[in-house]
Amino acid sequence: MLRRFPMLVTAAVRLAWRASRADTAVALGGNLAAGVFTAFGLLATSDVLASLFAAGPTPGRVRAALPALALVGAAAALRGALLAAAGWAQARLKPQVERQAETRLFELTTRVELTAFDDHEFHNAMRRARDNGVPDTATVVEMTVSALTGAVGLAAPAVALGLLHPALMPLLLVTAVPAGWAALRTARLRYAAFYRLSAARRRKFMLSDLMAERQPAAEVRAFTLRGFLLGEYDRVAELEQRVQLDVARRQTGAKAAGDLLTGAATVAVYAALGGLLAGGVIPLSVAGAAVLAIRAGQSSLAACVLSLNKLYEAGLYFGDYLNFRALAAERLPPPDGAAPPAGDFGRVTAEGVTFRYPGAAAPALTDVSVTVRRGEVIALVGENGSGKTTLAKLLAGLYRPDSGTIRWDDADLAGLDGDALRRRVAVIAQDHTRWPLTVRENIVMGRPLDEDRLAGAAAAAGADRVVDELPGGYDALLDRRFRGGHDLSGGQWQRVAAARGFYRDAALVIFDEPTSALDARAEHALFERIRRHADGRTVVLITHRLASVRFADRIYVLDHGRVAESGAHADLLAADGLYAELYRLQASAFQPDPQEVA
Ligand SMILES: Nc1ncnc2c1ncn2[C@@H]1O[C@H](COP(=O)(O)OP(=O)(O)OP(=O)(O)O)[C@@H](O)[C@H]1O
């Protein structure tokens, strides 16, 4: 704790300072100043008692105590005002710090290299940082201020006691040790359990989503998955419960031991005070003030220990947040990427590209070379898992090759600024996201709105017919979980996704299985449109509909992550290789059955 404490406090104060300088200054300054008035009030109280316990008639003693009493009152009033101001500033800090922490987290999650999302360690760290780290960031700041307040509240009576008699100060601090130990131990136990359970919790969240979300609801019923899911959920929940009960038992033990020792320490303190008084070391007025100071100190101590407990625990989660930020920072793309070449490029080439997903046993691509020239449509074909999507993502700069190069004209993608590059690429992914936004936002996707271009893109993708049938047209919200929301069929979604590609007006357009859910008429129309779209641009098309890739300028056939063959449709047929085999297989499905014809 001692090792972590300075780092925690520094990071928390820095975060708070960045969120609001004024509120941080008032929260810290107000509490410190209030502590000074606490000590002052206690010393004044000792004077009051000294006047009251002095020899002489009672009215005279009371009169003599009045000036010191006025000082006690003034100190209490000022202390109250300072604490109120500090409390207000502290309350204002909380949402500001939380927002700042969350924004910084999402700035990282949206910038890290895509491969980070294929790494389970990264996911675990992100989940811990997002679900507990972010909310506890504000707690760390709050508890840092509270712990400092408590420490000042403890230091003030300690100093006052020291001024009354040097032997009294250590007495107060003795009572702090057992409570502090118990608080840290309980926090540590809770965090250790949380850490142990974090992977199981993720699984539980995933299962709860599967059982309570709209999207899987139909399949849960269709495949009668209810029993299986509930059983899995129960297994994870059982483990979680067992760990939590164990933690509760051990925490109760630690707290009981702490309380017992605190009680013993308090008895020892009062015994020592009695001894000092009996031995004539301190007068009765000082002993009375000491009792008040010890009580004030103990209540500050209790508050301080409570804050330290929460600070320590929140600090562990906050540590996760800081660790995640460091982890994510390591996965950011190189900062000083050059701008991609101005104007349209003439050629995109991949040379000897090899790429392996993190943790994968074998590379998804091995020594792949392809070339796409401006105005061309190239098609990537091959069996499932042969590496088509991976290659398309590498060409778009979403992944970086482990070896080999990808160039736009002569510029190596590795040296280019990723964001600037991707602004000139449109990727219509096979597993495109069904954004819970309006149709317009789904097509425009953050680009400046141009109604004419929107209408053109929608028409090109056949999404205009979808829009015509929706009550709100382009303003229809595509999410049934919200009031007035709509859902689309698979093919309708695919049209909207394709419209995104046409709207973006990018130099390189990648269509990954753009027609897998389309009806025959729409499929034909879309391939026609894609061919026209290649005019002045570069189009990479991935599809299993081999009849539709005949028009491509060049076809690359991938097999187990390698380019097995390439060339125009006629050449590949003549070569009689994998492409010819796949093509004939598909074509045979359309040969009329002789019996049917008869
Ligand atoms: N995120 C990932 N992490 C690890 N391996 C992956 C990941 N994505 C794909 N792979 C693996 O990489 C290989 C190539 O996958 P890819 O998606 O590029 O194939 P594809 O040719 O597009 O297949 P399909 O025709 O089914 O769309 C496969 O073996 C696949 O299992």
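## Helices on the sheet

Helix α10 (residues 388–395) lies across β3, β7 (508–512), β8 and β9 (554–559), at about 160° to β8. Here helices (H or I, at least four residues) and strands (E, at least two) are DSSP runs numbered from the N terminus. Angles run from 0 to 180 degrees between N-to-C directions, with axes fitted as lines to C-alpha atoms, for helices over the stretch in contact. Helix α18 (residues 578–588) also packs on the sheet: it touches β3, β9 and β10, and its direction makes about 95° with that of β9. Contact requires C-beta atoms, placed from the backbone, within 7 Å.

This is a predicted model: local features need pLDDT of at least 70, side-chain atom pairs count only at pLDDT 80 or more, and totals for chains, interfaces and linings use all residues. Residues are numbered from 1 along each chain as its sequence is written.

## The sheet itself

The open sheet has 6 strands in the order β6-β7-β8-β3-β9-β10, with mixed pairing; two strands pair if DSSP finds at least two bridges between them. Its edges are β6 (425–428) and β10 (562–567), each pairing on one side only. On average, neighbouring strands are turned by 15° against each other, direction ignored.

Strands β3 (residues 377–382) and β8 (residues 538–542) pair in the parallel sense over 4 bridges. Val 377 has Val 539 of β8 as its bridge partner.

## A helix pair

Now to helices α2 (residues 21–53) and α9 (residues 284–330): their axes come within 8 Å and cross at roughly 145°. Residues making the contact include Leu 42 and Phe 53 of α2 and Gly 288 and Leu 292 of α9.

Definitions and conventions
Two residues are in contact if their C-beta atoms, placed from the backbone, lie within 7 Å.
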